[in-house]
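The structure is shown first, and the notes follow by topic.

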Amino acid sequence: MNNKVTHYAKYFKRKCILAYKRLIEYRANFLAALLSQTSYTAIVLIFGWILVGNFGEYLNWGFAQYLIFYALQDIISTSRGAIISAVDFSQMLKTGEFNQILTRPGNPLLNLHLNVDEISLVFLGFTIFILLPVGLYLYPPTLLGATYAFFCCFLVMFLDIMVHIFANSFNFHAKDASNILSKPVKETSYIFRSYPGSIAGDVQKKIFLAIIPIYFVGTLIMPLYQGAPVQKLGLQLAVITSLLFIFISGTIVNWKIGLKKYEGYG
Amino acid sequence: MNPYKRFFLLGFKKSIEYKANIINHISIPLIIIVAFYVIWEGIYQKAGPIIGGLTFEQMTVYFVVTTLMHGLNSEYITKQIDTLMSSGNIVNYMTRPINFLGALFFRNFGQNSVNILVKFILVLLISTIFVQFSPNKMHILLFLIYLPVFVLFNIALYSTIGLLSFWITKTWGISDLFEMIQWVLGGALLPLTLFPEAFQGILKLTPFYYLQFTAAQIYLSQITTAQALVSMAILIGWSLFLLVIAAFMIKKGMKKLEIFGG
């Protein structure tokens with residue numbers, strides 16, 4: 001067990017190094033990515049400034065809270081993007097490129113998904129090293145609040161990644177299935193990456209939004225960070241863990257069936 | 001047959017080729033509209049009956065229009081050009097007696113033609129049946145004319161971004177940035193009437209003011225016919241400007257392009 005963890009830790013580290021090398025090989029890519037992320041952040045923060053200016057009193061938020069919200073959701077979304085966006089599983093199955101994954105030692109599911117996209121790496125670095133420290137400085141959390149928020153952030157990030165891995169696993173059964181299944185979540189995430197989920201009101205009535213994991217940044221992580229009361233904390237945690245259970249078991253079943261019926265030519 | 005007509009038909013056929021694409025084109029905007037509805041229902045409950053000059057029903061129609069129009073974005077063109085460059089397949093365009101930009105334009109316009117019609121029908125159906133909003137007939141017509149102009153601008157914008165792949169290998173970061181700009185500054189995420197007036201003044205100098213926000217204003221009959229026509233002319237002007245830049249980029253880029261293999 002310990003050996004496997006070490007193997008995948010090394011594997012992931014190697015992928016990170018390769019991504020970094022790709023990044024410094026093409027300086028223009030790095031500069032373009034940095035410029036895009038800076039401008040992207042500026043645009044979203046303009047939105048946040050206008051949103052808080054118009055409706056901040058209903059959220060009980062100022063601009064600093066919005067900044068923290070944006071940094072946290074960006075870390076979650078970009079981490080998912082860095083890992084998942086790097087592979088086009090549907091295309092790999094179609095071209096037979098998946099054979100290369102199968103012939104590698106270890107678990108094919110992990111071999112496929114432990115990837116790092118270099119552009120997302122720039123985005124992530126920008127948020128972690130620039131945006132988050134500014135937010136933390138402007139609106140420092142309590143130790144307890146930060147601990148709870150960190151734990152839930154990790155949980156939501158894992159859920160966000162699992163939604164896409166689960167959707168990817170359907171590619172074994174139908175061409176481009178992941179596109180149909182994960183694209184709605186990805187596109188709707190844009191809305192909850194900008195609007196805090198809590199602005200929609202009653203969490204219990206709107207719990208169906210939980211299918212978009214980023215929703216929890218506004219309803220769960222931010223109140224924990226602020227040390228404010230969390231609406232239906234038990235319900236939110238129960239929904240996250242249930243969804244995780246469904247997505248993990250669904251992925252395992254799909255992969256077991258898919259690997260049996262996979263035929264690669266090329 | 002005229003080669004550009006063939007490219008148009010090729011794009012048209014591609015758009016109806018995969019069921020998954022058709023399902024996505026319809027289902028994703030509908031899911032996003034539900035998300036907006038849920039969010040704004042919560043906001044209206046707290047903030048009162050009129051926000052940014054719009055009632056809840058008008059706001060719902062606003063997001064129906066802007067979200068469905070956002071689905072007409074052509075950001076996939078950047079990936080298309082990116083792949084042509086990295087695979088070296090761009091050479092196929094260089095050896096044919098056609099203009100690369102023209103081929104790109106007609107193919108993508110063909111690809112969006114069905115989408116324009118579907119989105120127009122969806123806007124009409126959702127706003128009249130579900131929200132029970134009665135749009136003015138003249139403004140429906142203006143809105144219908146505005147949709148292809150919006151697509152024209154999007155093709156010009158994303159082609160220009162895609163052509164950056166002559167110089168950089170991954171353009172999706174920049175394409176994502178412009179998609180976000182359209183969400184925020186195009187009014188797809190929040191009506192521009194909620195922006196400070198000075199900011200709106202600045203936005204009027206950019207093409208973004210004339211995208212989803214203006215289209216929704218037309219459909220909601222919040223601007224006059226003359227204002228709608230002026231907005232249309234401005235957007236066409238911006239599109240032509242971008243196409244000129246794209247043509248210049250192709251001219252410069254082709255000079256430094258090197259393709260190996262065979």
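In this predicted model, the side chains of K206(A) and E41(B) meet in a salt bridge, with an N to O distance of 3.4 Å. K206(A) lies in the loop between helix 9 and helix 10 (215-226) of chain A and E41(B) in helix 2 of chain B, so the pair joins two chains. K206(A) counts as buried at 8% relative accessibility, whereas E41(B), at 25%, counts as partly exposed.

**Interface of chain B and chain A**

- The rule finds one salt bridge across this interface, and five residue pairs are in polar contact, both residues at pLDDT 80 or more.
- On the chain B side, helix 2 (19-47) and helix 8 (172-184) each supply at least two of the residues that touch chain A.
- Helix 2 of chain B gives the most to that side, with 15 residues.
- The residues of chain B that touch chain A divide into 30 nonpolar, four polar and five charged.
- The contact takes 39 residues from chain B and 41 residues from chain A.
- About 3,700 Å² is buried between the two chains, and carbon and sulfur atoms give 74% of this area.
- I39(B), K46(B) and M180(B) supply 15% of the area that chain B buries against chain A, more than any other three residues.

**Salt bridges within chain A**

- Over all chains, the count of salt bridges comes to three.
- R193(A) and D74(A) form a salt bridge through their side chains, at 2.6 Å from N to O.
- This pair links distant parts of the chain, 119 residues apart: R193(A) is in helix 9 (residues 177-194) and D74(A) in helix 3 (residues 63-84) of chain A.
- Both partners are buried, R193(A) with a relative accessible area of 14% and D74(A) with 2%.
- A salt bridge also connects the side chains of D160(A) and R80(A), at 3.2 Å from N to O.
- D160(A) lies in helix 8 (residues 143-169) and R80(A) in helix 3 of chain A, so the pair ties together parts 80 residues apart in sequence.
- D160(A) is buried, at 0% relative accessible area, and R80(A) is buried at 8%.

**Nonpolar cores**

- The largest nonpolar core has 170 residues, of which Y66(A), Y195(A), W40(B), F143(B) and W183(B) touch the most other members.
- Helix 7 (residues 137-162) of chain B provides the largest share of this core, 15 residues.
- Not counting residues up to four places away in sequence, F143(B) touches V65(B), M69(B), F120(B), V123(B), A215(B), I218(B) and Y219(B).
- Another core, of five residues, lies apart from the largest one and includes L23(A), A33(A), V122(A) and F123(A).

Notes. Residues are numbered from 1 along each chain as its sequence is written. Chains are lettered from A and ligands numbered from 1 in the order in which they are written. This is a predicted model: local features need pLDDT of at least 70, side-chain atom pairs count only at pLDDT 80 or more; totals for chains, interfaces and linings use all residues. Side-chain values use heavy atoms; hydrogens and water are left out. Contact means heavy atoms within 4.5 Å. Buried area is the accessible area (1.4 Å probe) that two parts lose on being put together, summed over both. A salt bridge is a side-chain nitrogen of Lys or Arg within 4 Å of a carboxyl oxygen of Asp or Glu. A polar contact is a pair of N or O atoms within 3.5 Å; within protein, one must be able to donate a hydrogen and the other to accept it, and residues adjacent in sequence count only if both atoms are side-chain atoms. Helices (H or I, at least four residues) and strands (E, at least two) are DSSP runs, numbered from the N terminus. Ala, Val, Leu, Ile, Met, Phe, Trp, Tyr, Cys and Pro count as nonpolar, Asp, Glu, Lys and Arg as charged, and the others, Gly among them, as polar. A nonpolar core is a set of buried Ala, Val, Leu, Ile, Met, Phe, Trp, Tyr and Cys residues joined through side-chain atoms within 4.5 Å. Buried means under 20% relative accessible area, exposed over 50%, partly exposed in between (1.4 Å probe, protein chains only).
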